[in-house]
Amino acid sequence: MSVAFAAFASGSGTNLEALLEREERGAAYRIALLVVDRACPAEGRMQRRGRMAARLDFGAAGAGRELARLLSEHGVRGVLLAGFLRLVPSEVCRAFDGRILNIHPALLPAFGGKGMYGRRVHVAALASGAKISGVTVHLVNERYDEGRIVAQWPVPVLASDTPDSLAARVLEVEHLLYPAAADALARSLECGDMRPPAFRWPVGISETDGALGQAIEGAFDGAGV
Ligand code: GRF
């Protein structure tokens, strides 16, 4: 029996797609519900599969309570932010403490915080001269990009990079790391373990070690930290 997750999105939804594809191949989770705060392509990705997508006016009074009600109605046990541009209402942060993940297209705490999303993150990474960027999966609290880090994977910054070329290289890793992290969270919840998924950086890994996806999967060993 898979663990029911909700995903929250505001944009193109390519991470949502990666999560759904992983679910279809077999995962410990299922995305029982997508919640969006605006009309966006992510909604279409869910609807094309005949799956449940709800649009919520997060600015409305009582939106947090309404969201908490929706999540409970769908038996949701964890939440995956997938390009969601708002703060999660405090009612939901409290109810799902330690069970809300976000993915960020840089190595936090670098290039994160309010207003640091999308292309802006990669513009800032290039402007800084950083030689390595990457992907971070972290727990969500009531502030932007500040929750405890669960997993990170580096991505080289090349001298020839533009924000778009760096974004594309980072996104490839996002699509591997996020489903692996979601699956690890679901496996922890399945066995009643409320700790965030354990992730160990595979010391000594090199680009010649084989498939990136396998290396990422192998870094999550299922037990909490
Ligand atoms: C991704 O870069 C993700 O890291 C960030 O927002 C972007 C969403 O992209 N949180 P998509 O909507 O999943 O394509």
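Where does Leu56 lie? Leu56 sits in the loop between strand S3 (53–55) and helix H3 (63–73). Helices (H or I, at least four residues) and strands (E, at least two) are DSSP runs, numbered from the N terminus.

This is a predicted model: local features need pLDDT of at least 70, side-chain atom pairs count only at pLDDT 80 or more, and totals for chains, interfaces and linings use all residues. Residues are numbered from 1 along each chain as its sequence is written, and side-chain values use heavy atoms, with hydrogens and water left out.

- Leu56 counts as buried, at 10% relative accessibility. Buried means under 20% relative accessible area, exposed over 50%, partly exposed in between (1.4 Å probe, protein chains only).
- Beyond its neighbours within four places in sequence, Leu56 is in contact with Val35, Val36, Asp37, Ala63, Glu66 and Leu67. Contact means heavy atoms within 4.5 Å.
- Leu56 and Gly44 are twelve residues apart in sequence, and their C-alpha atoms are 15 Å apart in space.

**Helix H2**

- The buried residues of H2 are Ala42, Glu43, Gly44, Arg45 and Met46.
- Their cover includes strand S1 (3–9), H1, strand S2 (29–36) and S3.
- Ala42 lies in helix H2 (residues 41–48). Ala42 is buried, with a relative accessible area of 0%.
- Leaving out neighbours within four places in sequence, Ala42 is in contact with Ala9, Gly11, Ser12, Gly13, Leu16 and Leu34.
- Ala42 and Ala53 are eleven residues apart along the chain, with C-alpha atoms separated by 9.1 Å.
- Gly44 is also found in helix H2. Its relative accessible area is 18%, so Gly44 is buried.
- Gly44 and Arg22 are 22 residues apart in sequence and 18 Å apart in space, C-alpha to C-alpha.
- Gly50 follows H2 and has a positive phi, near 70 degrees.

Axes are lines fitted to C-alpha atoms, for helices over the stretch in contact, and angles run from 0 to 180 degrees between N-to-C directions. Angles under 35 degrees count as roughly parallel, over 145 as roughly antiparallel, 65 to 115 as roughly perpendicular and the rest as oblique. A crossing is left-handed if the near helix is turned anticlockwise from the far one by less than a right angle, and right-handed if clockwise. Ala, Val, Leu, Ile, Met, Phe, Trp, Tyr, Cys and Pro count as nonpolar, Asp, Glu, Lys and Arg as charged, and the others, Gly among them, as polar.

- H5 with H6: the axes of helix H5 (residues 119–128) and helix H6 (residues 163–190) come within 9 Å and cross at roughly 110 degrees. H5 is therefore roughly perpendicular to H6. The crossing is right-handed.
- Arg119, His122, Val123, Ala125 and Leu126 in H5 meet Pro163, Asp164, Leu166, Ala167 and Val170 in H6. By class, this contact of H5 with H6 has seven nonpolar, one polar and two charged residues.
- H6 with H7: the axes of H6 and helix H7 (residues 212–219) come within 9 Å and cross at roughly 30 degrees. That makes H6 roughly parallel to H7. H6 and H7 cross in a right-handed sense.
- Val173, Leu176, Leu177 and Ala180 in H6 meet Leu212, Gly213, Ile216 and Glu217 in H7. The residues of this contact of H6 with H7 are six nonpolar, one polar and one charged.
- H1 with H6: helix H1 (residues 14–25) packs with H6 at an angle of about 50 degrees, with their axes 9 Å apart. H1 and H6 are therefore oblique to each other. H1 passes H6 in a right-handed crossing.
- On the H1 side, Thr14, Asn15, Ala18, Leu19 and Arg22 meet Leu171, Glu174, His175, Tyr178, Pro179, Ala180, Ala182 and Asp183 in H6. Seven nonpolar, three polar and three charged residues make up the contact of H1 with H6.

**His138 in strand S6**

- His138 has its place in strand S6 (residues 132–139). His138 is buried, with a relative accessible area of 2%.
- Not counting residues up to four places away in sequence, His138 touches Ile100, Leu101, Asn102, Leu108, Asp145, Glu146, Gly147, Arg148, Ile149 and Val150.

**Aromatic pairs**

- A search of the whole structure finds six aromatic pairs. Rings of Phe, Tyr and Trp (its six-membered ring) pair if their centres lie within 6.5 Å; planes under 30 degrees apart count as stacked, over 60 as edge-to-face and the rest as tilted.
- Trp153, Phe199, Trp201 and Phe220 are linked into a cluster by ring pairs.
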